[in-house]
Amino acid sequence: QSEQEEVTILVSPLTFAFPHFVFMVEQMQDEAEQIGGVEIVVADGQLSSPKQVSDLEAAVVQGVDGIIVAPVDASGLAETVRMAIQNGIPVVTVDRPVNGVPEVLANVAADNYSGAEAQGEAVVAAFPDGATIVNLQGIPGDKTANDRNDGAHAVLDAAGDSYQFVSEQPANFSRDEGLSVTENILTGLEETPQVIIAANDDMALGAAQAVEARGLAGEIAIYGYDGSVGALRAVRDGSLAATVDQFPGEQGRIAVRTLVDYIRNGIEPESDNILLDPVAITQDNLDQAERVGLID
Amino acid sequence: MTAEEHAETSAALRRARRFALLGKLAPLIFLLALVVIFTSLQPRFLLPINIFNVLRQVSIFGIIAVGMTFVILIRGIDLSVGSLVALTGLCAAVVAKGGTSGGFSDAGDGYHWTIAVLAALAVGTLAGLFQGMVVAWLAVPAFVVTLGGLTIFRGLALAIGNGGPVSGFSPEFGWWGRGLIGPVPVPVIIFALVALIAYLVLTQTRFGRSVYAVGSNPEAARLSGINVNGITITSFGIIGFCSGLAGFVLAARLNSAEAVAGTGYELTVIAAVVIGGTSLYGGTGGVVGTVIGAVLTGVLMNGLVILNVSPYTQQVMIGLIIIAAVAFDVFIKRQSR
Amino acid sequence: MTAEEHAETSAALRRARRFALLGKLAPLIFLLALVVIFTSLQPRFLLPINIFNVLRQVSIFGIIAVGMTFVILIRGIDLSVGSLVALTGLCAAVVAKGGTSGGFSDAGDGYHWTIAVLAALAVGTLAGLFQGMVVAWLAVPAFVVTLGGLTIFRGLALAIGNGGPVSGFSPEFGWWGRGLIGPVPVPVIIFALVALIAYLVLTQTRFGRSVYAVGSNPEAARLSGINVNGITITSFGIIGFCSGLAGFVLAARLNSAEAVAGTGYELTVIAAVVIGGTSLYGGTGGVVGTVIGAVLTGVLMNGLVILNVSPYTQQVMIGLIIIAAVAFDVFIKRQSR
Amino acid sequence: MTVRLDEVPARAGGPGRTSRAGPPVLEAAALTKRFFGVTVLNEVSLSLVPGEVRALLGENGAGKSTIINLLSGVHQPDGGQIRMQGEPVQYLRPLDADHAGISVIRQELSLFPDLSVAEAIFAGHLPSRRFGLIDWAHVRRETRRALGRLGLDVDPRLPVASLSVAEQQMVEIARALTRESKVVIMDEPTASLSPKEVENLGGIVAQLSAEGVAVLYVSHRLDEVKAFCETYTVLRDGRVISDGRAAETEIPDLIRDMAGRSVEIGRGRGGAAREPGPVVLEVRNLASRRRGRGEQMVRDVSFTVRAGEILGLAGIIGAGRTETARMIFGLDPVGDGEILLDGQRFTPRGPAGAMEAGLGYVSEDRKDLSILPHRSVHENFTVTSPVAPGALGRINRGAETRLLASYIERLGIRVQNTRAPITNLSGGNQQKVVLARWIARQPRLLIIDEPTRGIDVGAKEDVHDLVRQIAGEGVAVLLISSDLPEVMALADRVVTLREGEVTGDGPASQTTPEDLMTRMTRHEGQTMAAEKG
Ligand SMILES: Nc1ncnc2c1ncn2[C@@H]1O[C@H](COP(=O)(O)OP(=O)(O)OP(=O)(O)O)[C@@H](O)[C@H]1O
Ligand SMILES: Nc1ncnc2c1ncn2[C@@H]1O[C@H](COP(=O)(O)OP(=O)(O)OP(=O)(O)O)[C@@H](O)[C@H]1O
Ligand SMILES: O[C@@H]1[C@H](O)[C@H](O)CO[C@H]1O
Ligand SMILES: [Mg+2]
Ligand SMILES: [Mg+2]
């Protein structure tokens, strides 16, 4: 296939309701423009695997040249992804893999589990003598939520008995619930906890509101996850202790490049599992964050 | 009655019949219009592969929509179906795998897939019957009972699967979701069968007729000797059964079951039933409409993606078209009165 | 009528009244029971700070629940409230910031907060009126129209905010969500005021009584010369207004507005109204019950977290308690008939 | 029950009144209405001058309610014109007719079950003061006045749903009385009222007339028409057949105009030829449960019904007849006493159980308790399963259709299409379908509560014949009727109830309507002691 050939790629993220994916797709579109001759078609997964399955199937019918998907359900999308590949359409997964389809061209991701480990390590670094911890979890049953919960537990449980989870409640990745659940938890606890870890930035920012409203600002260290613009600013200003950046923009750019290279030139990526190292971003390494330029 | 009057009457009768038929056909007309528009904008829409795609996608919530038709006909509603799909899917998965291991190894130490199906159907039916009893005996509105069910079953699903997915079933299990009979996907055949049986039950049996009577006027139905509580409980049992079946087929299709499956199904399913012309006030409508409504919903989602409509616009259009479909139905029915 | 007979009748009436009062009090009794149980398990539950917590958390969906009471009283329903909260919150935010920049700089280049409030209220009210018109004039069931609205408004919210949050408002803006008057959070005061006004409107004005008449028997209302369409459209306008107000207060409280805000509110809000004793079949109930229902829902969520009940169990318990609350209400009302 | 005599003018309405002159307040000019192309009204003209009381007569389905629907903006005419005070008007909605000064008491009750009596009376017309706040004092005062005028003794604060059908009918009437109307239209207001209330209503009609209000009065009770109305219009098949002065026209002539043939009324009499069989139903000291309202509607009722016997149960509003029937049929729990069926103690397990035991019950409340709205005439007929289904509950449509056809024939039901919704039928024809569904089950004991409510004179005879016929076949019939002539014409024996207690029981042939009335209504001091027990 020739260098100049027009390429159409379907991009199907989990949902556009999370800024994480909005940013990722923007970066993909930018990358596509830089490469030239690449059209990005966007579908919104709306957090529903049937919706995403139907989007992918429609794209196959439409005859796109390649697919980039961030699967809502790692196993749920497997069958459809396999079907697309059988129809000669290469697929790259981003953010997280699909299960059990080795034919996928590549998975470009930053492992949620290891990102949460980084979050836990940041806690251990800041509180070497142990800490009382509140854990705000994502949507119960959601894979991302599970992985982040497991990763954080792996590190903090291993760090010794001095690290105590005093309360663990889901706040469904929502700022609103992050705020009210934190309020409720703080009331229920006899003693103010030292640390709040949250499975995403929205919940962390909600928790920060609750902490501030309680007049506890500065007394509780709050750890977010995502490296969102709001969270980075909060880290800079001190209301969050850290957030975890898993470089969604870079993931998106790599995914587009990998896919276009393969479609145009038949170049296979060196590895079919391209993992970016998630990094805990604190005030000290704020400049490493991908979206640091956006926080004015 | 004079001959002239007689002629007038029977002409009028024919006219009334024609109108009534038109009223019944409204959702179908709307569906065809949608198909024509989509096809003219993008001919690939009508490719056989796409048609089977749409039907396969439709089949799972279509199965539930058939059950929902019974419940809505008796003036009920069931908001718990999405959660029940997750719960029953997990039950089937756990039985088939012999545990909650998420491993993708096809050979589980679990039970035969037939036992898994039975588990899903039994749990679904029991859950439905249970909700029906609370509705019938305690007179708690169905909306509330099944809103409770929505939360309860999701909680149970999380507890069973311990939050994670249970994946990787035997090929026989998977066949129910991914197999083909000739060119036709198995779930589509299941959906068609379920719809056919429901159609016969609703139109040809005393039970079906009682469902309409209860929905039309529960007090009058009771006074006429119909066991209103029995009909209510059975209807909820039916939707529970359908949810269990859908939960199993979905797990088979996705080769995985998890607690977050089916989130938000309730509204899609209810929309399909209502678009198909079944009244939320009970007593009118039926399965034929529901099938059309379900296909219409599927066509809508598929078509907008095929047409490459931008995601935000898509949501706005889906909302508008759903309203338009029902408005069209209402308009035609009004004309034919 | 003899004096003796008269005495007999009024004794009967007094008895009927007492029963009716008990019927009205059922949700309150249930709420108090819940509070007693939670407090006995965890005394911190009754701390003033926690009480204000609960009230503050309740206030936002409570404001919407007050509007929902009108719509349910006329046999309607509004599923679009959650999306409308997101949309109106974003409108207020964009106006206040003068754009969609996520910048947390307090001094925006946008308009004064008063304009932002007006924007949220106007958009909410217009959206509500629009839905009301479709319900009234095109006779499309409210369930369908607002299900469409749910999708449409969410799509618009995504489009406006371009997916990202719009954050960081002036302190005056923020005061509406985070401020205190004495020890009482501002949102609680807003909620109380909204509820009070709604109470007066529903019980003391012609419009309010017409709302009950329409819900009790729309056909009879039409025949009695009540402008049923007008009442319907106005009621939807009211819930639109309330959603707009809630959207604004939520944005102020979170110091941020985003397109995912309010997801799933519709069911929580409807649950609050129904738990408070307003019938989904229209015509009976009222704002006092709704306030109790909203507080009950808030107490439930707060209490289970304070007791550190595990998440899965929590879901099961919430479902069961909601059903129990309504079952209790139904039971008491039956006894008192 | 209180009758405020001061409110009822001394001058009786109807016959002998001077003829009225002056321009009409309301005119229907050549109104035509079609449904699905069937002409239901064909160039119907009638007019009302202020103070005129005009009867609108016709068989079931003649088009009476349809005219009213046109005059009150419920439907739009397909031809012709409506004029108010000489000006053509076009109502788009009932609201417009209401504003023009037309009040309507509908044939089917259209009240607000959840509202209080006072609010139901004022619905849509609540008076308001400043800030749109309601003037409750005014509402209470006017409600008391209106209820007083009607002699209705219910607390205005009670919810409408707790009233009996007859009481609700009175509330419906009260609603029209509180308006400043130029025209009051009454569509069968007395169909479920007993003589006492009918008499009160007569006074009210006369009073309205004296105040210059024009009244259009629809009724199938022709004696009433003769007593209340000055003029009449007869419709048949949607055409005006005759009109004239009520005083100058004899009832048989009216009937002939309505039916297009002469109808013999009062053909048969009670138990003339029949020999009653064994006791089928015996009720001993039956009492109902107390309701929240505190009253016990049935306190002590005993009677028997034999096979082949028609037992009439007479009483005024609130006597407890319907409540008694509901307990027997298993619709309401029994408070005290016992029910025996063929001498065996019978504990009805809901209507289904009662039906299994061979009981049938035609309710007095057609709209709320009988009709399946939106469902076809066929389904409304088969809802009681008069034809047993086959294996797997499979219905036998052919047999059902044949059975229905035979009843359409037998009862002269006017229906074009048995697949069409029952609500397309006129009120009287709906009632016939309901009767048919029960008779077709061939019960052993049939309870019929106000069986000819809203049925025209000719059809009433058909229904009476049918009831006699089934009694002749050995069915025990318990007839509840507020229409005394009907009780007299049909019943072999009459039991009178008053305030939940039996006040008389004896052969119909040995009693007179006056006797019955006396036993149905209170005599001071007579049973006060008994009530205390
Ligand atoms: N909405 C409708 N659709 C079709 N036909 C109708 C409709 N309403 C009335 N009709 C028909 O119009 C005719 C006249 O009905 P209408 O109700 O005016 O009779 P009526 O004189 O009031 O009879 P009744 O004494 O039984 O109340 C009947 O044949 C009836 O079936
Ligand atoms: N659902 C109800 N709740 C409370 N009271 C009721 C209810 N239904 C009827 N009643 C009351 O019961 C009393 C007896 O009513 P019932 O219907 O048995 O009388 P009836 O003799 O049949 O007279 P009619 O039917 O002509 O009013 C009436 O005073 C009525 O108000
Ligand atoms: O990475 C994303 C974001 O963290 C979002 O907040 C939740 O879903 C995850 O997949
Ligand atoms: Mg009529
Ligand atoms: Mg009665």
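Between which chains are the most contacts among the five pairs of chains that touch? They are between chains B and C, where contact means heavy atoms within 4.5 Å. This is a predicted model, in which local features need pLDDT of at least 70 and side-chain atom pairs count only at pLDDT 80 or more, while totals for chains, interfaces and linings use all residues. Residues are numbered from 1 along each chain as its sequence is written, chains are lettered from A and ligands numbered from 1 in the order in which they are written, and side-chain values use heavy atoms, with hydrogens and water left out.

**Chain contacts**
- Chain A and chain D are joined by no contact, and their closest C-alpha atoms lie 37 Å apart.

**Packing of α13(B) on α5(C)**
- Helices are DSSP runs of H or I with at least four residues, strands are runs of E with at least two, and both are numbered from the N terminus.
- The crossing of α13(B) past α5(C) is left-handed, that is, the near helix is turned anticlockwise from the far one by less than a right angle, whereas clockwise is right-handed.
- Among the residues of α13(B) that meet α5(C) are Tyr312(B), Ile318(B) and Val326(B), and those of α5(C) include Val144(C), Arg154(C) and Ala159(C).
- This contact of α13(B) with α5(C) has 13 nonpolar, six polar and one charged residues; Ala, Val, Leu, Ile, Met, Phe, Trp, Tyr, Cys and Pro count as nonpolar, Asp, Glu, Lys and Arg as charged, and the others, Gly among them, as polar.

**Packing within chain C**
- Helix α4 of chain C (residues 113-138) crosses α5(C) at roughly 145°, with the axes coming within 9 Å.
- The crossing of α4(C) and α5(C) is right-handed.
- Ala127(C), Gln131(C), Val134(C) and Val135(C) of α4(C) make the contact with Ala142(C), Val145(C), Thr146(C), Gly149(C) and Phe153(C) of α5(C).
- By class, the contact of α4(C) with α5(C) has six nonpolar, three polar and no charged residues.

**Cavities**
- The whole structure holds eight cavities of 30 Å³ or more; on a 1 Å grid over the protein atoms alone, a cavity is a set of points where a 1.4 Å probe fits but cannot get out, and lining residues have an atom within 4 Å of a point.
- The second largest cavity has about 160 Å³ of space, a volume being the space filled by probe spheres set on the points.
- Of the 15 residues that line the second largest cavity, the closest to its centre are Leu223(C), Ser224(C), Asp98(D), Ser103(D) and Val104(D).
- The lining of the second largest cavity has six nonpolar, four polar and five charged residues.

Methods. 1 Å grid on protein atoms, 1.4 Å probe; cavity = no way out; pocket = protein on both sides within 12 Å on 5 of 7 lines; lining within 4 Å. Axes fitted to C-alpha atoms, helices over the stretch in contact; angles between N-to-C directions.
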